[in-house]
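User: I have a model open and want a quick walk through it. Can you take my questions as they come?
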Amino acid sequence: MVDYISRLMPALLAGLDTTLSVFFLTLVFSIPLGILVALGQLSNIKPLVAVMKFYIWVMRGTPLLLQIVFIFFGLPIIGITFDRYPTAILAFVLNYAAYFGEIFRGGIESIDKGQYDAAKVLGFTPVKTYQRIILPQMIKIVLPSVANEVITLVKDTALVYVVGLGELLRAGKIASNRDASLVPLILVGIIYLVLTAVLTTAFQKLEDRYSYYQ
Amino acid sequence: MKIGIDKSALTLYHIKVIKRLRNKRKGEEEMRNNITKLILIMLILAFGVVSLAGCSNQTANQAPSQTSNQEETSAGEDSFEKIKERGYVIMGLDDTFAPMGFRDENNEIVGFDVDLAKEVFNRNDLELVLQPIDWTMKEAELNAGNIDMIWNGYTITAERREKVAFSKPYLKNRQIIITLADSDINSKADLEGKKVAAQAGSTAVDAMYTEPDVVATFDGGEPVLFDTNNEAFMDLEAGRSDAVVADEVLARYYIKLKGEEKYKVLSEDFGDEEYGIGFRKQDKKLLELVDSTLDAMRKDGTFDAIYNKWFAD
């Protein structure tokens with residue numbers, strides 16, 4: 001059994017590599033994009049608000065799997081062709097930025113109006129107000145929701161199989177089909193659990209650091 | 001009077017807060033500065049992703065190893081000259097599909113179809129690039145030009161003939177009925193009131209429905225469908241299903257893996273079928289090349305050697 005597991009691990013770790021790279025790239029790009037989406041929604045520019053609302057509606061209103069398929073197989077029809085990996089990253093970033101945007105919007109809106117007044121009285125420019133007062137407090141508020149979303153993302157990365165990318169779950173399925181055994185899938189489950197445990201701990205640490213008013 | 005008390009209380013509270021804030025360690029101030037920096041960096045990256053999206057569009061077209069340009073296929077031309085020029089053929093396969101094409105423990109794609117294809121293109125001085133795809137997307141991948149052929153236990157059916165051009169059949173296959181060794185099912189008639197499992201989207205399902213009156217007698221009036229044959233077999237083993245209908249080639253592979261004494265294969269089946277290789281309809285030259293090379297391999301015994309490597313007992 002130990003021998004079998006050690007023979008399985010290289011393939012699973014190769015899959016894990018794709019899983020992690022999709023995961024990190026999505027986070028790195030979708031969080032900042034999410035902040036922009038949130039700010040866009042809260043801006044006074046009516047058309048921008050409408051565009052953001054529409055974008056969020058589409059991204060949250062259709063399955064991520066469908067979005068990946070659309071970008072990979074649909075866009076080439078109008079002459080825009082992406083490679084497999086960029087397709088996956090693009091779809092994930094666009095999708096997760098919509099969710100993050102809504103989380104950040106909620107966080108920003110939950111900050112008391114008085115804070116803006118106080119900042120104005122103290123002579124802060126609007127940019128400085130966001131930078132030094134609103135966003136730092138927002139981060140504290142949104143951390144638990146972001147943690148939720150990030151953990152969902154780890155598991156969602158399995159969807160990249162649809163463009164033929166081999167990730168962790170697919171690697172497990174391949175081994176399971178080849179050996180007619182459930183062991184590879186159990187291993188995959190354990191790897192996902194380890195990933196989630198690491199993330200949960202990391203976010204707990206972050207929350208502790210941000211709990212400076214308690 | 002009352003107001004005065006409130007005011008002073010409020011002021012006292014404020015003084016406390018201010019003191020507390022003043023006493024805060026410097027570290028927190030620094031941390032907040034760091035957050036601000038972090039946010040700024042993220043905003044810059046966000047603009048980056050937008051431009052990256054624009055760039056990768058171009059790079060995608062420049063990277064011939066993965067995705068070929070759309071125009072290549074929509075023009076409807078035979079792409080054989082282009083394939084010869086670039087020196088390789090892209091074969092699309094489901095890398096979960098043992099024993100036709102799957103990954104071994106070293107993560108290399110192997111299998112009966114893979115060995116056949118390697119030999120075919122070796123003889124024609126073309127390199128073979130194996131591209132894993134999602135099986136439900138196979139025809140879309142082919143017609144988008146992402147792959148040049150579907151070669152992975154691909155059964156020839158009338159519906160598929162409308163979308164792709166098939167090679168000559170290279171392997172015969174039956175849809176067999178498998179039960180546990182101690183089952184009292186011995187014929188199709190015995191399937192009445194029983195749970196019958198199969199892989200969703202497989203030709204086993206189509207084959208069963210060529211005899212709708214038999215399907216109607218199943219428990220529930222339809223087969224139980226699973227994502228993979230492996231799952232159908234596990235369900236049989238768990239005793240929830242009474243029989244599995246599957247490609248003989250695949251089923252024999254699983255039976256061998258799980259132990260031949262556990263299963264019984266009925267003498268009756270759901271009909272014959274044939275595996276072929278799928279090409280884009282306009283790619284006649286590539287199709288003819290593969291057909292003639294396979295014929296030659298049959299004559300000189302190479303085909304049988306590869307067959308025996310994968311299917312001989």
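**Domains, helices and buried residues**

Analyst: Gladly. Chain B first: its domain assignment gives domain 1 (2–62), domain 2 (79–164 + 281–311) and domain 3 (172–274). Keep in mind that this is a predicted model.

User: How many residues of domain 2 of chain B are in contact with domain 3 of chain B?

Analyst: Eight residues of domain 2 of chain B are in contact with nine residues of domain 3 of chain B. The side of domain 2 of chain B that touches domain 3 of chain B has three nonpolar, five polar and no charged residues.

User: And what separates the centres of domain 2 of chain B and domain 3 of chain B?

Analyst: The distance is 27 Å, taken over C-alpha atoms.

User: Leu116(B): buried or exposed?

Analyst: Leu116(B) is buried, because 24 C-beta neighbours lie inside 10 Å and the cut-off is 20 or more. Leu116(B) lies in helix H5 (residues 112–122) of chain B.

User: How many residues apart in sequence are Leu116(B) and Asp272(B)?

Analyst: They are 156 residues apart in sequence. In space, their C-alpha atoms are 22 Å apart.

User: Switching to chain A. How many helices and strands are there?

Analyst: Chain A has eight helices and zero strands. Its C-alpha atoms fill a box of roughly 70 × 50 × 20 Å along the principal axes.

User: What share of chain A is buried?

Analyst: Of the 214 residues in chain A, 41% are buried. As for contacts in chain A between residues at least 6 apart in sequence, 75% join residues at least 24 apart.

User: At what angle do H1 and H2 of chain A pack?

Analyst: About 130 degrees, for helix H1 (residues 2–42) of chain A and helix H2 (residues 46–61) of chain A, with axes 7 Å apart. So H1(A) is oblique to H2(A). The crossing of H1(A) past H2(A) is left-handed.

User: Which residues of H1(A) and H2(A) meet?

Analyst: From H1(A), Val37(A), Gly40(A) and Gln41(A). They meet Leu48(A), Val49(A), Met52(A) and Lys53(A) in H2(A). By class, this contact of H1(A) with H2(A) has four nonpolar, two polar and one charged residues.

User: Next, H6(A) and H8(A). How do they run relative to each other, roughly parallel or roughly antiparallel?

Analyst: Helix H6 (residues 126–156) of chain A and helix H8 (residues 183–210) of chain A pack at about 170 degrees, with axes 10 Å apart. H6(A) and H8(A) are therefore roughly antiparallel.

User: Which residues of H3 of chain A are buried?

Analyst: Gln67(A), Ile68(A), Val69(A) and Phe72(A) are the buried ones in helix H3 (residues 64–74) of chain A. What covers them includes helix H4 (84–109) of chain A.

User: Ala91(A) lies in which helix?

Analyst: In helix H4 of chain A. Ala91(A) counts as buried because 26 other C-beta atoms lie within 10 Å.

User: What is Ala91(A) in contact with, leaving aside neighbours within four places in sequence?

Analyst: Ala91(A) is in contact with Leu64(A), Gln67(A), Ile68(A) and Ile71(A). Between Ala91(A) and Val160(A), 69 residues apart along the chain, the C-alpha separation is 9.6 Å.

Key
Residues numbered from 1 in each chain as written. Chains lettered and ligands numbered in written order. Predicted model: local features only at pLDDT ≥ 70, side-chain atom pairs only at ≥ 80, totals over all residues. Domains from an automatic or database assignment. Contact = placed C-beta atoms within 7 Å. Nonpolar A, V, L, I, M, F, W, Y, C, P; charged D, E, K, R; others polar. Axes fitted to C-alpha atoms, helices over the stretch in contact; angles between N-to-C directions. Helix = DSSP H or I, 4+ residues; strand = E, 2+ residues; numbered from the N terminus. Parallel < 35°, antiparallel > 145°, perpendicular 65-115°, else oblique. Left-handed = near helix turned anticlockwise from the far one by under 90°. Buried ≥ 20, exposed ≤ 12 C-beta atoms within 10 Å, placed from the backbone.
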